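Subject: Structure handover

Hello,

Please find the structure below, with its sequence. My notes on it come after.

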4 protein chains.
Amino acid sequence: MNIRTDLAMEAYEFLTETADEIAGIEVKEEQINDTKITRVEVETKDAAEKLGKPVGNYVTVEIEDVSIMDSGKMEELCRLLAKEIKALGNIKEDSSVMVIGLGNRNITPDALGPEVISCLMVTRHMLRYMPEQMPEGIRSVCAISPGVLGITGIETEEIVRGVTEKIKPDLVICIDALAARSIKRISRTIQLCDVGIAPGAGVGNKRRALNGETLGVPVIAIGVPTVIDAATITSDSLLAVTDSLKKSAKQGGEFYKMLSDINEDEQLSLIKEALYMSNNNFIVTPKDVDMMIEKAAKIVANGINFALHENISLEDIEMYVG
Amino acid sequence: MNIRTDLAMEAYEFLTETADEIAGIEVKEEQINDTKITRVEVETKDAAEKLGKPVGNYVTVEIEDVSIMDSGKMEELCRLLAKEIKALGNIKEDSSVMVIGLGNRNITPDALGPEVISCLMVTRHMLRYMPEQMPEGIRSVCAISPGVLGITGIETEEIVRGVTEKIKPDLVICIDALAARSIKRISRTIQLCDVGIAPGAGVGNKRRALNGETLGVPVIAIGVPTVIDAATITSDSLLAVTDSLKKSAKQGGEFYKMLSDINEDEQLSLIKEALYMSNNNFIVTPKDVDMMIEKAAKIVANGINFALHENISLEDIEMYVG
Amino acid sequence: MNIRTDLAMEAYEFLTETADEIAGIEVKEEQINDTKITRVEVETKDAAEKLGKPVGNYVTVEIEDVSIMDSGKMEELCRLLAKEIKALGNIKEDSSVMVIGLGNRNITPDALGPEVISCLMVTRHMLRYMPEQMPEGIRSVCAISPGVLGITGIETEEIVRGVTEKIKPDLVICIDALAARSIKRISRTIQLCDVGIAPGAGVGNKRRALNGETLGVPVIAIGVPTVIDAATITSDSLLAVTDSLKKSAKQGGEFYKMLSDINEDEQLSLIKEALYMSNNNFIVTPKDVDMMIEKAAKIVANGINFALHENISLEDIEMYVG
Amino acid sequence: MNIRTDLAMEAYEFLTETADEIAGIEVKEEQINDTKITRVEVETKDAAEKLGKPVGNYVTVEIEDVSIMDSGKMEELCRLLAKEIKALGNIKEDSSVMVIGLGNRNITPDALGPEVISCLMVTRHMLRYMPEQMPEGIRSVCAISPGVLGITGIETEEIVRGVTEKIKPDLVICIDALAARSIKRISRTIQLCDVGIAPGAGVGNKRRALNGETLGVPVIAIGVPTVIDAATITSDSLLAVTDSLKKSAKQGGEFYKMLSDINEDEQLSLIKEALYMSNNNFIVTPKDVDMMIEKAAKIVANGINFALHENISLEDIEMYVG
């Protein structure tokens with residue numbers, strides 16, 4: 001069964017559609033004003049396999065649509081993100097951090113990572129070359145956008161590992177655009193986790209993991225869903241309709257039986273064929289994805305800026321980043 | 001019944017799924033190597049109403065996927081387009097032409113029009129200020145990208161009408177990104193027609209028509225499908241599956257009856273609700289839409305360049321356009 | 001004598017280097033915190049000819065370098081600009097305004113006009129189609145970026161005139177990137193005037209005037225210097241050095257005489273030859289001109305937004321413009 | 001004495017203005033149709049110090065203005081570049097190569113490096129994952145754009161060294177935008193050398209060397225001049241004028257003496273003060289630098305493509321790069 005989502009929370013929702021509870025998965029919810037935080041803890045290998053996500057902590061922040069958020073609410077959200085980042089990344093007073101902007105800057109819905117990098121308060125060079133001019137509370141932050149395999153010819157993991165070994169940061173934060181299963185997640189969800197980036201995740205193709213094991217330092221990942229696979233969405237719409245038909249059919253009748261017999265995987269391949277989707281290259285995305293990416297990148301970047309530098313304001317960031 | 005496509009050919013296919021032939025609509029097909037040309041002539045008001053497209057001529061050129069087309073085939077295709085443009089626009093030796101690049105340059109799948117403008121051999125000013133330096137066979141061509149209502153606050157039709165009255169060209173050619181119904185049309189179809197741009201067509205919102213009546217000069221339109229409405233595609237996938245189920249159900253049985261009872265419009269609203277698509281702002285598009293738009297724009301622009309300037313080569317255009 | 005500047009104030013400074021005062025030109029200065037406002041009134045045709053600028057009012061606002069301005073000062077400056085725009089444009093409660101973004105969006109230092117348009121609160125369509133939803137104090141604003149002659153084949157003035165005749169606004173505001181004579185003006189000066197755009201002004205080539213006479217409605221222009229002609233700057237540096245040499249030379253000596261004999265025009269052609277500048281296509285500009293244009297565009301746009309809409313905040317604009 | 005040029009050839013011309021020949025520097029010229037090739041070999045440390053360039057080989061290719069070059073001449077030039085790259089880089093049948101695109105993609109005249117990367121035929125991943133599908137003669141090529149210190153917080157040299165150690169290519173090719181001294185070099189010169197990138201070179205700030213010593217593999221560098229420092233150009237124009245004045249002055253007279261006494265460094269600081277150039281942030285560049293960079297990038301990239309892959313055509317590259 002292929003649930004085709006990068007969100008642990010969606011994968012969990014899918015699992016629990018038919019089961020009440022999954023052993024080894026702890027879920028807690030918290031509401032702060034308009035924002036809902038769901039913490040999914042995957043505790044056992046067994047649970048991880050069921051969920052299709054590695055053992056670890058996943059924090060999902062559900063927000064208003066970013067494209068209609070005012071700047072007051074945006075700052076509030078960034079401060080909240082900062083708190084989660086600090087906790088998840090175990091940020092200490094003298095932690096040095098390297099941020100990795102994953103994805104292809106030339107494919108708009110995949111450009112979240114590189115966009116975030118361009119909004120960061122990068123300080124490592126200044127702390128090195130003019131430490132006396134830097135105020136207290138500024139941590140050492142550096143950042144790269146390694147590009148994607150199709151353009152560099154190099155696995156992202158090889159580039160990041162090479163640079164990490166030279167820089168030796170205390171923490172790596174990976175940023176990536178995610179694929180969701182449901183349209184209601186697009187531009188309304190931010191996922192943070194402490195398991196890094198799993199193989200095959202994201203909009204583009206990244207084969208090898210970026211995590212504590214491969215990089216030798218703790219890795220947290222922050223992602224925002226920007227697309228849904230076109231085949232997934234049509235398959236889900238089918239489910240929605242057959243479910244609604246089932247409700248009105250006589251239990252035990254021929255119709256109910258046939259509907260129940262419809263195998264999801266058969267459906268998907270049928271749809272793919274019907275829609276000429278053999279190359280898997282079609283996505284569902286908001287019409288104004290360019291603007292959505294820009295706003296989401298600013299929110300994620302400022303969450304990181306607030307988390308890594310103490311006592312700074314949005315104005316300080318604006319002056320610094322330009 | 002809402003067929004949600006800008007392609008006359010798709011609308012015709014949809015109509016003839018249940019009927020054999022439509023009175024007042026003439027269809028002719030022609031195959032030239034890998035390229036298939038379908039000419040749909042809508043002859044009567046009655047047929048126009050059925051089809052949802054104005055009376056006039058629609059030429060659909062079906063091609064290989066532009067993203068894998070080599071430059072030899074591309075030139076061949078541009079020469080073929082030029083021939084169709086010349087015929088449809090009734091281009092004479094001394095015709096002067098104004099090209100309108102419709103759409104929003106900041107929303108990638110809507111940017112076809114502005115992109116085409118930037119690849120055109122625009123000559124009107126040179127023929128005016130240095131006619132002796134221009135070779136024979138170069139016609140007067142000018143071009144504007146009027147922007148979209150949300151950014152200008154002005155109906156596209158008002159801007160185009162204002163400029164047309166000043167310039168008084170013999171022909172207006174409108175370029176626009178189109179919405180199709182089927183994924184197989186995306187980046188594989190070019191539609192030319194002599195009815196201009198009908199109200200509500202295109203990816204963005206354009207309320208008023210650009211045609212011979214509103215502009216006072218003949219108008220042809222050239223479009224390439226770049227997106228499918230997300231609700232449309234899911235609705236179509238449902239149809240595909242229910243059709244396949246119907247085939248295996250007993251005629252006259254409960255199941256067959258229920259499937260036949262499923263009303264397409266009900267389905268669509270059900271899906272929209274299920275998928276949180278109430279705002280209609282989600283589209284299906286290729287992941288690499290940026291590159292697709294760039295290639296499609298070059299093909300359309302060179303079709304126009306070859307149609308409006310005699311004896312020029314791709315090299316001449318490259319030197320001129322830069 | 002060619003002073004090669006779009007700034008009336010620089011032209012005036014140049015004139016008064018050798019003369020004390022020019023009949024028919026009134027100059028007043030005002031200091032508001034860090035901002036200096038110079039008002040130049042050209043009262044007679046004679047003075048206009050001497051200055052090389054049409055009869056009218058020129059307001060020059062000299063500011064801190066925009067690239068290091070914090071957001072508090074930026075809002076203050078925008079409010080000040082708004083006041084000047086309202087006065088110069090004689091904005092009434094029910095004035096409708098069309099803003100024209102001149103320049104080529106593909107040549108960074110010439111892209112100020114199109115950039116300003118993309119930051120404007122455009123309202124004309126909303127006041128037309130949903131007047132009841134618009135708050136009080138919102139005036140009708142529309143906007144176009146007509147492109148440049150080399151890309152459209154149409155004189156900017158023809159496009160603007162065509163659209164103006166359709167829209168019939170009460171006032172036209174033209175935005176353009178300017179050429180200055182001195183580096184100290186770049187990104188530190190904003191010029192407003194009520195004479196429109198004179199022929200040949202700006203970075204690009206615009207042959208015909210946009211003013212009350214050609215458009216039939218009052219026209220004000222707002223510009224920011226973004227470049228200096230490379231030949232101008234070298235010529236000016238020569239003057240600076242020869243002036244300093246003159247000071248140390250014996251009056252009446254051979255050296256003094258020769259220095260005095262150096263004709264500015266001869267120098268210029270000598271330099272152009274020496275520097276292979278025959279094509280006049282080299283400019284002096286800040287290395288970070290992309291960022292400078294972005295900031296300057298935001299300042300000018302918000303000055304216009306504050307001038308044309310009552311009781312709005314920067315937050316309102318941000319929500320509206322996105 | 002600061003000659004402020006990244007071109008060894010300009011540095012050499014400057015040295016030989018006053019001296020006939022420099023010991024330890026060998027210069028050979030070759031003319032191939034419209035293209036002039038100058039080979040400067042710096043043989044001794046002594047000569048290197050005089051020239052301000054490391055010991056090694058510098059090949060300067062002088063061409064027609066790239067902005068008016070037709071595609072036939074462009075291919076010819078790329079083939080010629082390929083030959084020089086093969087010789088300088090000692091390319092063997094099985095050499096693997098990593099290309100580094102230096103510079104800031106957001107500052108147009110500094111974006112040559114990243115632009116070249118986007119036009120390269122990158123093959124390393126395909127040779128790894130589907131070797132059987134690759135034709136003969138295709139070498140392993142990978143590429144990165146490491147960004148600049150101000151954006152990453154990491155010295156370019158640290159990033160490149162980290163990745164080089166992981167990838168272990170046989171050769172590194174660095175691409176960079178250069179600063180020239182004379183306007184006639186801009187967009188008409190390509191410099192290749194086998195000394196890598198020296199500290200402080202380029203438009204941006206790169207403090208540490210990328211060469212055989214720091215990277216542990218041979219490094220060649222390819223650069224195109226895109227800017228001139230604004231202070232340099234004004235200083236040079238002064239020299240041009242004073243030289244011309246000297247010629248007409250009486251030898252031994254007061255004037256001649258004073259002219260001869262003008263110290264170049266004094267002039268430069270005088271000019272910088274006079275022109276408010278204290279921050280060194282003004283550059284001289286062609287107005288259409290965006291287009292110039294695009295064309296130069298394509299030429300350099302195709303030179304590399306032809307050098308590293310045998311028996312390929314421009315069409316093959318176009319199909320591959322897209």
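Predicted model: local features only at pLDDT ≥ 70, side-chain atom pairs only at ≥ 80, totals over all residues.

Chain A

Helix α3 of chain A spans residues 71-89, and helix α12 of chain A spans residues 289-308. Their axes come within 7 Å and cross at roughly 55°. The crossing of α3(A) past α12(A) is right-handed.

On the α3(A) side, the residues that meet α12(A) include A:Met74, A:Leu77, A:Arg79, A:Leu81 and A:Ile85. Among their partners in α12(A) are A:Lys295, A:Ile299, A:Ile304 and A:Phe306. Sorted by class, this contact holds 11 nonpolar, two polar and four charged residues.

Two of the residues named above come up again: A:Arg79 lies over the face of A:Phe306, at 3.6 Å from the ring centre.

Chain D

In chain D, the axes of α3 (residues 71-89) and α12 (residues 289-308) come within 7 Å, with a crossing angle of roughly 55°. That angle makes α3(D) oblique to α12(D). Here α3(D) passes α12(D) in a right-handed crossing. The contact is made by residues including D:Glu75, D:Cys78, D:Ala82 and D:Lys86 of α3(D), and by D:Val300, D:Asn302, D:Gly303 and D:Ala307, among others, of α12(D). The classes in this contact are 11 nonpolar, two polar and four charged.

Rings

In chain C, the charged end of C:Arg79 sits over the ring of C:Phe306, 3.6 Å from its centre.

How many aromatic pairs does a search of the whole structure find? Over all chains, the search finds zero.

Regards

Methods
Residues numbered from 1 in each chain as written. Chains lettered and ligands numbered in written order. Heavy atoms only, no water. Axes fitted to C-alpha atoms, helices over the stretch in contact; angles between N-to-C directions. Helix = DSSP H or I, 4+ residues; strand = E, 2+ residues; numbered from the N terminus. Parallel < 35°, antiparallel > 145°, perpendicular 65-115°, else oblique. Left-handed = near helix turned anticlockwise from the far one by under 90°. Contact = heavy atoms within 4.5 Å. Nonpolar A, V, L, I, M, F, W, Y, C, P; charged D, E, K, R; others polar. Phe/Tyr/Trp six-rings, centres within 6.5 Å; stacked < 30°, edge-to-face > 60°. Lys NZ or Arg CZ within 6 Å of the ring centre and 35° of its normal.
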